[in-house]
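Hello,

Here is the structure I promised to pass on to you.

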Amino acid sequence: MEMTEASKQTTTEESANPEPDQILSPRRSLELKQKKWWISVSLCLFLVLLGDSLVMLLLNFFYVQNYREDSDQDLQYQGTWLQALVQNAAFPLLIPLFFIFPSPKQNQETNNPRFLSFRLLLLYISLGVLVATHSKLFALGKLYANYGVFTLISATQLIFTAIFTAIINRFKFTRWIILSIILTILIYVFGSPEFGGEPDENEEFYSIQAWLTFAASVAFALSLCLIQLGFDKVLAKTKRYGNKKVFRMVLEMQICVSFVATVVCLVGLFASGENKELQGDSHRFKKGEVYYVLSLIGLALSWQVWAVGLIGLVLYVSGVFGDVVHMCTSPLVALFVVLAFDFMDDEFDWFRIGSLIATIVALGSYFYTLHKRNKKKMVELYQTESNIEV
């Protein structure tokens, strides 16, 4: 009889089946949550570094093999839609990962799901067009002037990211974040790698190039802020995610936005007639057509690795932090380029060594702010538990 009552009690306890977060104490639950958060941020940071490095190495390889020995102004527009397309076209490879990563329990109490779905669709279309725009403009900008001028103008994207984030996302800056932003801009200007695709002197048009790169920087900064806004105000509030932020949201954002961007780039590729020049590009490739195709595939995959890492940093931290990490990878990427290619007068000089040291300070300043924020949450929880016990 006693055994029967005990078994009934066990069955009742098992049927309750509480969530793991409910079993753990609030303090332990917050500690585990912060640990998972740090792991996720570190993974995304690694993906950004890996993607940035592979993209620059493959881009240099592509331009070295397809080098224009005879200067011709008619060639300076060649391949810009293709470059924009390559940045977005490999998104189908993320679809299996989307279904592998777990999703939180659906929220059945979502208000006005139709309105949220419409806002989500509008967000993806707007971001897709914006991503295709800055991909095209960056590709055009690199064809108009030397890479030093392009890099100098591109550095303004972090300034615009900070401004847009403050206005759109109501981001609060600390003195450590401001220090990190200033150092990051200097790192990007003085520590950027060499680029083999810059034009000859008689192909440079600085006034046009400046405006194109300036517009591309604004578009890139705006896209980061809108992605953050989409995560906070739209995607996290849908029925599928129930006010929680998980890595699956990163994959959904990247897949949907890249799909729209790919469609825009394909339309541009065929409407401009650039698709007719692809065969000529493959014939000019020094290593042959097979390496031409493989380099494009490698670039497409590398861009997706970079984008997933960047969007992940936007989800878990902010658009400003994502841009800081992206630009702080420049000295390391420059080191890889110096080791991989024998460009004339390209070496890992004192400016790049200084930039590499400054990278540690810039990221350390931002991470210090993140550590203080997490520590503040823990202290507040301790105080709450102490008040309850009293």
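In which helix is Leu 301 found? Leu 301 sits in helix 13, which covers residues 289-316. Please keep in mind as you read on that this is a predicted model.

Leu 301 belongs to a nonpolar patch on the surface, together with Leu 93, Val 290, Tyr 291, Val 293, Leu 294 and Ile 297. Taken together, these residues have about 670 Å² of accessible area. Leu 301 itself counts as partly exposed because its relative accessibility is 38%.

With a relative accessibility of 42%, Lys 377 is partly exposed.

Helix 16 also holds Trp 350. That tryptophan is exposed, since its relative accessible area is 74% and the cut-off for exposed is over 50%.

Next, the salt bridges. How many does a search of the whole structure find? The search finds one. In it, the side chain of Lys 245 meets that of Asp 232, with 2.5 Å from N to O. The pair links distant parts of the chain, 13 residues apart: Asp 232 is in helix 10 (206-233), while Lys 245 is in the loop between helix 10 and helix 11 (247-271). In general, side chains of opposite charge can pair when their charged atoms come close. Are the two partners buried, exposed or partly exposed? Lys 245 is partly exposed, at 40% relative accessibility, and Asp 232 is partly exposed too, at 27%.

Finally, a word on helix 7, residues 147-154. Its buried residues are Tyr 147, Phe 150, Thr 151, Ile 153 and Ser 154. Viewed down the axis of helix 7, these buried residues fall within an arc of 165°, so they line one face of the helix. As a reminder, an α-helix has 3.6 residues a turn, so residues three or four places apart point the same way.

Technical notes: Residues are numbered from 1 along each chain as its sequence is written. This is a predicted model: local features need pLDDT of at least 70, side-chain atom pairs count only at pLDDT 80 or more; totals for chains, interfaces and linings use all residues. Side-chain values use heavy atoms; hydrogens and water are left out. Buried means under 20% relative accessible area, exposed over 50%, partly exposed in between (1.4 Å probe, protein chains only). A salt bridge is a side-chain nitrogen of Lys or Arg within 4 Å of a carboxyl oxygen of Asp or Glu. Helices (H or I, at least four residues) and strands (E, at least two) are DSSP runs, numbered from the N terminus. The arc is that of the directions from the helix axis to the C-beta atoms. Patches are made of residues with over 30% relative accessible area and no salt bridge: like charges are joined within 9 Å, nonpolar side chains (Val, Leu, Ile, Met, Phe, Trp, Tyr) within 5 Å. Accessible areas come from the Shrake-Rupley method with a 1.4 Å probe; for residues, only the protein chains shown count as cover.
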